[in-house]
Amino acid sequence: MSLVRLNIKGISYSQTQSGAYALVLSENDGERTLPIIIGAFEAQSIAIALEKEIKPPRPLTHDLFKTFADRFNIHIKQVIIHKLVDGVFYSSLICESDGIEEIIDARTSDAIALAIRFQSPIFTFENILDKAGIILKIKDQTKLEQAKFKMEDLIADIDDELEEDNPLKDESLEELKKQLEQAVLNENYELAARLRDEISKRE
């Protein structure tokens, strides 16, 4: 089976799943596109990697993986979306270290987030494009352009959603510090970490 190289066409809000995003890949030499539904955190990670000028204050998981791989001389040569089962895409990372090649299974959203950071090509098989690829008509192209947005907007939207879901946002700084002391005394370190992060954001 022949491999088809894919490019990242964009990210848009999912029209079918609330709170999800559609990552749209397009074939390098053709008109077919491959829409893949991904979660908010993965969409944010991909958006940050595509926007070179945006640097998160702390490394995201995919940034940490890249730093770790660089330190141990591991390179991702390519990503292959190799299987589609019940609407779920399966991917592999083709990695190389000291001349030894390894294949590692990965979620497609993670694989693409890493491919951007390693500047690695993304491929899929012709039969997957035949099965799941779509050719956007002019009106669909227009809809996609309307649904697309700047990566900064995506990152801001997700940050706003996280802030809305943050149960600590209405607590005063003094109250947060009291809760932190109590959490440490109770050895509730997960809560203590969240409280510490919230305090750090405000100070």
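Predicted model: local features only at pLDDT ≥ 70, side-chain atom pairs only at ≥ 80, totals over all residues.
**Strand β2 and its other neighbour**
- Strand β1 (residues 3-13) runs antiparallel to β2, and seven bridges join the two.
- Within this pairing, Leu 6 stands opposite Glu 27 in β2.
- Strand β2 (residues 21-27) is mostly covered, with seven of its seven residues buried.
- Tyr 21, Leu 23, Leu 25 and Glu 27 point one way from β2, while Ala 22, Val 24 and Ser 26 point the other way.
- In a regular strand, side chains alternate between the two faces of the sheet.

- β5 and β6 pair in the antiparallel sense over eight bridges, and Ser 97 stands opposite Ile 100 in β6.

**Helix α1**
- Helix α1 (residues 40-50) is largely enclosed by the rest of the structure, because nine of its 11 residues are buried.
- Among the buried residues of α1 are Glu 42, Gln 44, Ile 46 and Ile 48.

**Nonpolar surface patch**
- Val 85, Val 88 and Tyr 90 make a nonpolar surface patch of about 220 Å².
- Tyr 90 lies in strand β5 (residues 88-97) and is partly exposed, with a relative accessible area of 31%.

Methods. Residues numbered from 1 in each chain as written. Heavy atoms only, no water. Buried < 20%, exposed > 50% of the residue type's maximum accessible area, 1.4 Å probe, protein only. Helix = DSSP H or I, 4+ residues; strand = E, 2+ residues; numbered from the N terminus. Patch = residues over 30% accessible without salt bridge, like charges linked within 9 Å, V, L, I, M, F, W, Y side chains within 5 Å. Areas by Shrake-Rupley, 256 points an atom, 1.4 Å probe, with all protein chains shown as cover. Salt bridge = Lys/Arg side-chain N within 4 Å of Asp/Glu carboxyl O. Pairing = 2+ DSSP bridges.
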